[in-house]
Amino acid sequence: MFETEINTSVAKAAAWLHQGEVVGIPTETVYGLAGNALNEDAALKIFKAKNRPHFDPLIVHVHSIGEIEKYAAFIPAKAKLLLQKFSPGPLTVLLPKRECIPYLVTSGLDTVAIRVPNHPLTLQLLQEIDFPLAAPSANPFGYISPTSSYHVYDQLHGRIPYILDGGVTDVGVESTIVGFVGEEVVVNRLGGLAVEEIEKLVGKVRVETQQSANPKAPGMLQHHYAPKKKMLLLESANKATDIEAGYILYNEHLSHIPLQNQILLSPVGSLSEAAKNLFAAMRQLDKSNVSVIYAIRFPEVGLGRAINDRLYRACVNN
Ligand code: TXA
Ligand code: MG
């Protein structure tokens, strides 16, 4: 058991990591639970702290594109293009791993998921230490990802010594995971970087995010990112009839439902603002006294696709 400290000191985070411990770190997407990616004992502590099955590989975080070459044996041309344009940022690339990355981190796969997170404190931390950080989202396995240091504390206090406090995360949904198969670009997880942005640069991509049986990316597991309460996805507002339930909505209230049971993710109608507020709204309703949570499907464009993906997986009627 630890007395978990929340603090903005990068030096303290570095000190714990040097001792082989795991700490909460902010990124632009969601908070991560980070440990030395080159140290199997630290990786084991990550899996343990969040009850994560060992078949679910971790993302490795580095401070620059140059660092990626130390851990990936090869970077395809399209991966380079994407990295140059979108790193640091909510992009994770799947690349053939070098030997120094333990198979524990990749769950036995020959590829490593790697990204440059865009958060000043974590970039500073990565500069200060001389190893990359393996970091899954800092939530118990299967639950909603944390978008503030308080969310991390709420669920993992006592299990980790330290949370580096970088405020509320900007993007709010996890990174987009992209793999490279021959000449083809494959999106394995929809996330904070919109598919349209990727396609502008590398042309048409294949989106392959459903693999419930043998998940290559358990973010692909069908039931994931879920609250404890029952959550259901509705196709349109006229299906919302339960006046006692809680509602997660885009930009318009439902006139026939009590106002206090509704959360608008973006009153001004911005999908990126909605993505930023999504997980906090799910947590808020999970802690409230409503018995069921409903969400109404978002527009299937831009970050709306990642929002719909998370809602779909959080809901029991998928
Ligand atoms: O935005 C993010 O990506 C956040 C922040 C903390 O960086 N991290 C995150 O990690 O979402 P996690 O562990 O919750 O999700 C990582 C996903 C998992 O679904 C995992 O299966 C997939 O990445 N993944 C990791 N390595 C992989 C690999 N070699 N091949 C395919 N999928 C991989
Ligand atoms: Mg996760």
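Aspartate 170 is exposed, with a relative accessible area of 53% (exposed is over 50%, buried under 20% and partly exposed in between, with a 1.4 Å probe and protein chains only). Its side chain meets that of lysine 276 in a salt bridge, 3.7 Å from N to O. The model is predicted, so local features need pLDDT of at least 70, side-chain atom pairs count only at pLDDT 80 or more, and totals for chains, interfaces and linings use all residues. Residues are numbered from 1 along each chain as its sequence is written, chains are lettered from A and ligands numbered from 1 in the order in which they are written, and side-chain values use heavy atoms, with hydrogens and water left out.

**Salt bridges**

- The count comes to 17 salt bridges, where a side-chain nitrogen of Lys or Arg must lie within 4 Å of a carboxyl oxygen of Asp or Glu.
- In the lysine 276 and aspartate 170 bridge, the two side chains meet at 3.7 Å; lysine 276 lies in helix α9 and aspartate 170 in the loop between β8 (162-164) and β9, so the pair ties together parts that are 106 residues apart in sequence. Helices (H or I, at least four residues) and strands (E, at least two) are DSSP runs numbered from the N terminus.
- Lysine 276 is partly exposed, at 28% relative accessible area.
- Lysine 287 and aspartate 154 form a salt bridge of 2.9 Å, N to O. This pair links distant parts of the chain, with lysine 287 in helix α9 and aspartate 154 in helix α7 (residues 149-156), 133 residues apart.
- Lysine 287 is exposed at 58%, whereas aspartate 154 is partly exposed at 26%.
- Arginine 313 and aspartate 309 form a salt bridge of 2.7 Å, N to O. Both lie in helix α10 (residues 304-314), 4 residues apart, about one turn of the helix, and both are buried.
- Salt bridges that share partners join Glu174, Asp309, Arg310 and Arg313 into one network.

**Aromatic rings and charges**

- There are 4 aromatic pairs, taken over rings of Phe, Tyr and Trp (its six-membered ring) with centres within 6.5 Å; planes under 30 degrees apart count as stacked, over 60 as edge-to-face and the rest as tilted.
- Tyrosine 225 and phenylalanine 279 are stacked, because their ring centres are 6.2 Å apart and their planes are at 15°. Tyrosine 225 lies in the loop between β11 (206-207) and β12 (230-234) and phenylalanine 279 in helix α9 (residues 271-287), parts 54 residues apart in sequence; both residues are buried.
- Tyrosine 247 and tyrosine 294 are also a stacked pair, with centres 5.4 Å apart and planes at 15°. Tyrosine 247 is in strand β13 (residues 246-249) and tyrosine 294 in strand β15 (residues 292-296), and both are buried.
- The charged end of arginine 310 sits over the ring of tyrosine 225, 4.8 Å from its centre (NZ of Lys or CZ of Arg within 6 Å of the ring centre and within 35 degrees of the ring normal).
- Lysine 97 lies over the face of tyrosine 103, at 4.1 Å from the ring centre.
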